[in-house]
Amino acid sequence: MQQRKSGRPSGTDGNDFSYRMVIDSRYTKVAKAKSRLFTLFLTQGLIQLIGLICIVLLITNEKTVSKLAVSSSMTGLLSLLIGELGRRRSRVGLLRFYIYISSIVLLLSIYSAITSNSSLVVIWNPKDWDKKKFELVKTLLLLFGSLLQIIIIGTVISLIGNMSPPKKAY
């Protein structure tokens with residue numbers, strides 16, 4: 001057996017650092033999308049909680065609240081938990097399930113707002129804003145939540161695309 005020469009072997013003087021490890025850009029994209037998605041989930045959770053507080057306040061004031069609005073808010077929080085699990089554990093299936101459920105919740109919330117007709121009346125009558133504060137807040141939350149949902153869906157789709165292994169070209 002040959003013994004090594006004393007000293008440092010050739011090629012390991014530290015100058016070859018740029019060739020050692022090349023990280024694919026999709027990994028950095030995944031990390032950035034996950035951190036952005038965390039912020040978006042926090043914002044969406046805040047919107048959901050404010051909506052639930054408004055519903056509770058309406059119930060305590062003995063006003064009628066649609067069962068569809070209550071169930072869509074609760075399902076929205078549940079879908080948010082599923083989305084957070086998918087984000088943390090990098091599970092594509094959970095993220096896709098989150099997109100489907102949260103989109104259905106958004107559509108149900110919009111349907112509930114349209115059928116109650118109070119949201120449209122509140123928007124068009126600024127004189128009644130003092131009397132119908134809760135309806136105004138619910139309408140603004142719905143509009144902001146809809147915009148946020150569109151941004152989240154785009155982010156999740158981008159994240160899923162970068163998390164999937166690249167296709168091999170043959």
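At roughly what angle do the axes of helix α2 (residues 25-60) and helix α3 (residues 67-89) cross, and within what distance do they come?

A: The axes of α2 and α3 cross at roughly 160 degrees and come within 10 Å. Axes are lines fitted to C-alpha atoms over the stretch in contact, with angles from 0 to 180 degrees between N-to-C directions; helices are DSSP runs (H or I, at least four residues) numbered from the N terminus. This is a predicted model, in which local features need pLDDT of at least 70 and side-chain atom pairs 80 or more, whereas totals for chains, interfaces and linings use all residues. Residues are numbered from 1 along each chain, and side-chain values use heavy atoms, without hydrogens or water.

The two helices are therefore roughly antiparallel (over 145 degrees). The crossing of α2 past α3 is left-handed (near helix turned anticlockwise from the far one by less than a right angle). On the α2 side, the contact (heavy atoms within 4.5 Å) is made by Lys 34, Leu 37, Phe 38, Phe 41, Gln 44, Gly 45, Gln 48, Leu 49, Leu 52 and Ile 55. On the α3 side, the contact is made by Ala 69, Val 70, Ser 73, Met 74, Gly 76, Leu 77, Leu 80, Gly 83, Glu 84, Arg 87 and Arg 88. By class, that contact has eleven nonpolar, six polar and four charged residues (Ala, Val, Leu, Ile, Met, Phe, Trp, Tyr, Cys and Pro are nonpolar; Asp, Glu, Lys and Arg charged; the others, including Gly, polar).

Helix α2 also packs with α6 (133-163), at about 160 degrees and with the axes 9 Å apart. That makes α2 roughly antiparallel to α6. Here too α2 passes in a left-handed crossing. The residues of this contact divide into 20 nonpolar, seven polar and six charged.

Helix α3 in turn packs with α4 (92-116), again at about 160 degrees, with the axes 8 Å apart. That makes α3 roughly antiparallel to α4. Their crossing is left-handed. From α3, the residues involved are Leu 68, Ala 69, Ser 72, Thr 75, Gly 76, Ser 79, Leu 80, Ile 82, Gly 83, Leu 85, Gly 86 and Arg 87. They meet Leu 94, Leu 95, Phe 97, Tyr 98, Ile 101, Ser 102, Val 105, Leu 108, Ser 109, Tyr 111 and Ser 112 in α4. This contact comprises 13 nonpolar, nine polar and one charged residues.

Leu 142 belongs to α6. Apart from its neighbours within four places in sequence, Leu 142 is in contact with Leu 106, Ser 109, Ile 110 and Ala 113. Leu 142 and Gly 51 are 91 residues apart in sequence, with their C-alpha atoms 8.8 Å apart in space.

How values were computed:
Angles under 35 degrees count as roughly parallel, over 145 as roughly antiparallel, 65 to 115 as roughly perpendicular and the rest as oblique.
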